[in-house]
Amino acid sequence: MKRREFMGAIPLAAAAVPFAAGLVTPAAAQSAAGSTWDKVAQGKVLRIGAALLEPWYFKDTTGSDAPGAVVAGGTTWRGICPAFAAEVAKVLDARLEIVETTWGNAVAGLQAGQFDTMFMLDATPTRALSVDFVQTPMLWYPMSLIATDDINVTRWSDLNDPKFSIGVALGTNSDEYLTSIAPKANISRFQNSAEIFAAFQSGRTNAGVISAVSADLARARMGVGKTIVLQPAVSIPGGIAVRKEPDSRWREFLNVCAAYYYNTGKTQRLYEDFLRFRNIDPATAVPVQRELW
């Protein structure tokens with residue numbers, strides 16, 4: 001499982017597939033079917049892709065009516081992305097449809113017109129060959145350390161000590177960075193975040209490099225540990241992907257939505273709704289609004 005650009009935090013293993021010979025170009029597809037803006041504005045239906053992963057997308061099979069619930073197609077969804085999409089749909093006076101997909105199929109799904117946008121998809125150069133990304137990130141979150149309560153460090157360089165046994169995702173940028181900045185630490189390399197958390201919970205490691213959102217959810221579930229945002233803070237943007245097409249109105253509209261909801265604190269409040277649903281006090285979690293770090 002590969003994680004985000006700087007460090008291996010969340011399992012987004014998708015690799016974008018560029019338009020190959022024989023496939024319809026974005027311009028031709030738009031001229032044949034109309035732009036995304038026209039279809040959403042006129043059809044009054046907003047379709048988003050959803051790949052299950054907390055706190056971004058979560059299916060609430062209990063059907064709870066706790067704050068943050070988004071009901072679409074008879075299914076109760078939770079997480080930042082469905083809640084954010086519901087706000088956008090409200091502005092458009094549109095019905096929200098949530099199309100379940102995977103991180104690996106998200107780019108292809110956008111290209112094929114299965115949904116109109118995908119929230120929290122990493123903006124990478126490879127993906128940018130096939131889809132466009134809204135200029136303003138939906139949110140920001142830092143890479144962090146999930147650590148035992150007795151560990152007190154403030155900087156990444158503080159980890160350069162053999163007393164630290166640290167789990168990290170194998171082959172990711174976090175692996176490379178940690179190896180270079182803390183060569184004296186005992187670094188254990190794992191295939192995915194589940195293995196990092198299992199090693200931490202069992203005591204085989206006393207820390208793990210992971211995203212702050214993943215660390216907060218995991219330590220709440222395990223009942224042990226703390227989340228440390230090390231300095232200098234590594235900020236990771238949450239991307240919003242759309243189809244490539246000549247008409248830029250849809251991308252520009254979502255750019256305004258992303259900026260407005262972030263700057264007014266709406267996005268942070270949507271995250272806090274999910275944290276409370278998971279019985280986590282938002283005051284104990286790292287915000288997704290980096291000005292609050």
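A residue is called buried under 20% relative accessible area, exposed over 50% and partly exposed in between, with a 1.4 Å probe and protein chains only. By that criterion, buried residues make up 53% of the 293 residues in the protein chain.

The model is predicted: local features need pLDDT of at least 70, side-chain atom pairs count only at pLDDT 80 or more, and totals for chains, interfaces and linings use all residues. Residues are numbered from 1 along each chain as its sequence is written, and side-chain values use heavy atoms, with hydrogens and water left out.

**Whole chain**

Display the protein chain as a cartoon; it has 10 helices and 14 strands. These are DSSP runs numbered from the N terminus, with helices (H or I) of at least four residues and strands (E) of at least two. Contact denotes heavy atoms within 4.5 Å. Of the contacts in the protein chain with a separation of 6 or more, 71% are between residues 24 or more positions apart.

**The sheet**

Select the open sheet of five strands, whose order is β5-β1-β6-β14-β7 with mixed pairing. Two strands pair if DSSP finds at least two bridges between them. At the edges are β5 (95-100) and β7 (131-133), each of which pairs on one side only. From one strand to the next, the twist averages 30 degrees. Angles run from 0 to 180 degrees between N-to-C directions, and axes are lines fitted to C-alpha atoms, for helices over the stretch in contact.

Next, select β7 together with β14 (residues 240-243): the two pair in the antiparallel sense over three bridges. Within this pairing, Asp132 has Val242 in β14 as its bridge partner.

**Helices on the sheet**

Then show helix α9 (residues 249-263), which lies across β1, β6, β7 and β14 and runs at about 165 degrees to β14.

Select Cys81 and Cys257. Cys81 counts as buried at 0% relative accessibility, as does Cys257 at 6%. A disulfide is taken as a pair of cysteine sulfur atoms within 2.5 Å, and a search of the whole structure finds zero.

**Aromatic pairs**

Now show the aromatic side chains, which form 11 pairs in the structure. Rings of Phe, Tyr and Trp (its six-membered ring) pair if their centres lie within 6.5 Å; planes under 30 degrees apart count as stacked, over 60 as edge-to-face and the rest as tilted.

Centre on Phe58 and Phe274: with ring centres 6.1 Å apart and planes at 70 degrees, the pair is edge-to-face. Because Phe58 lies in strand β2 (residues 58-59) and Phe274 in helix α10 (residues 266-277), the pair ties together parts that are 216 residues apart in sequence. Phe58 is buried at 17% relative accessible area, and Phe274 is buried at 2%.

Phe274 and Phe277 are three residues apart in helix α10, about one helical turn.

Finally, select Phe84, Phe119, Tyr260 and Tyr261, which form one aromatic cluster.

**Charges over rings**

A charge sits over a ring if NZ of Lys or CZ of Arg is within 6 Å of the ring centre and within 35 degrees of the ring normal. Return to Phe58, where Arg278 lies over the ring face at 4.4 Å from the centre. The last stop is Trp140: the charged end of Arg290 sits over its ring, 3.7 Å from the centre.
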